[in-house]
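Hello,

Here is the structure we talked about. Please have a look, then read my notes below.

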Amino acid sequence: MWVQSDGQLGEDIYQVTTITSSHLLVIGENAAIIDTGIAATAEELIHKINEVLPDDCRLSQVFLCHDEFDHVGGIASLRKAYPGLQVMASTGVAAKLADPDFLRTSYAEQSKHAAALQQEMTIPIEEWCSLTSVDHTIKPGDHFHLGYDVEIRVIDASGYRSNQLGYYVMPDKCIVAAEAVGSYHGRDKSVPSFSDNFNDYMNTLDRIAQLDLSVVALPHAGAITGELAQKFIDQIREAATALRTNLKDRINSGEIIDNILPALIAEWDLNSLSPDGPFAGLRRKTAEGMIRQAASD
Ligand SMILES: [Zn+2]
């Protein structure tokens with residue numbers, strides 16, 4: 001089943017959504033959230049987390065999948081709302097969030113998307129940049145216990161972004177891996193995102209396929225639950241192979257690469273397959289990356 005609304009997805013896991021993203025909130029004795037959305041939706045996110053958090057439970061950790069602006073934008077607001085919050089991410093993501101130029105560019109994206117939502121940035125640039133950082137670097141194989149047998153296991157989820165991690169939540173059998181699982185737009189409408197490395201992307205999907213899955217949390221549009229969860233990973237794998245073949249055929253038949261990009265985006269628009277909802281710039285970058293990947297060997 002495709003669950004797009006807020007609510008409980010398993011014994012210890014909740015979906016909290018904002019206008020642009022969906023997030024997995026994991027609740028044991030302590031709570032953790034995976035990814036933080038854009039800055040403009042942070043207050044909405046905090047409000048929804050507070051609605052779900054039990055009185056005696058504290059949001060103690062944020063786990064980041066990757067470093068794109070639509071996943072790191074809310075860190076600063078979350079730190080202010082939950083003192084002592086620890087942000088966990090890969091060494092690659094930590095390095096990006098320690099780079100002043102990267103942070104300034106990300107802040108500019110946050111401001112642009114806030115304006116598109118007719119909102120003002122509530123945190124000034126210097127403060128936002130100083131709060132947007134990683135406290136602990138983590139790696140595939142690490143385990144984090146949240147109490148009451150709730151555990152977050154870290155997996156390699158590269159292929160969309162090379163420095164990306166995914167998180168497998170037990171005992172709820174839920175995988176969260178941002179765009180590593182592509183996107184879902186309804187029956188037979190799955191779009192892959194192998195923009196950084198096709199082979200890494202397929203290996204990530206193979207790793208995920210080997211897990212026992214009850215829930216696949218999508219980066220921006222809800223979660224897939226029940227029997228469809230395992231099937232969806234197979235579907236996205238097939239969609240990735242088919243899209244790569246299609247792109248390779250077009251390149252080999254002489255279609256100009258610069259023409260493939262607008263054609264692919266037009267096809268996605270026509271079939272309501274836009275992988276990143278309102279994030280047209282990211283969608284373009286993903287499409288460009290996948291064409292480059294198809295052209296590369
Ligand atoms: Zn995203």
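Which residue in strand 16 is the bridge partner of Val 216? It is Ile 224. Keep in mind that this is a predicted model.

Strand 15 covers residues 215–217 and strand 16 covers residues 223–225. The two run antiparallel and are joined by three bridges.

Seven strands make it up, in the order 1-16-15-12-11-10-9. The sheet is open, and its pairing is mixed. Strand 1 (2–3) and strand 9 (143–147) are the edges. Each has a single partner strand, so one side of each lacks a neighbour in the sheet. In general, strands of a sheet pair through backbone hydrogen bonds, either parallel or antiparallel.

Helix 8, residues 227–252, lies across strand 15 and strand 16. Its angle to strand 16 is about 115 degrees.

Now the whole protein. There are 10 helices and 16 strands. The radius of gyration is 18 Å, close to the 19 Å that the globule rule gives for 297 residues, so the protein is as compact as a globular protein of that length. Along the principal axes, the C-alpha atoms fill a box of roughly 60 × 40 × 30 Å.

Two last figures. Of the 297 residues, 47% are buried. Among contacts with a separation of 6 or more, 70% link residues 24 or more positions apart.

Best wishes

How values were computed. Residues numbered from 1 in each chain as written. Predicted model: local features only at pLDDT ≥ 70, side-chain atom pairs only at ≥ 80, totals over all residues. Pairing = 2+ DSSP bridges. Helix = DSSP H or I, 4+ residues; strand = E, 2+ residues; numbered from the N terminus. Contact = placed C-beta atoms within 7 Å. Axes fitted to C-alpha atoms, helices over the stretch in contact; angles between N-to-C directions. Rg over C-alpha atoms; globule rule 2.2 N^0.38 Å. Buried ≥ 20, exposed ≤ 12 C-beta atoms within 10 Å, placed from the backbone.
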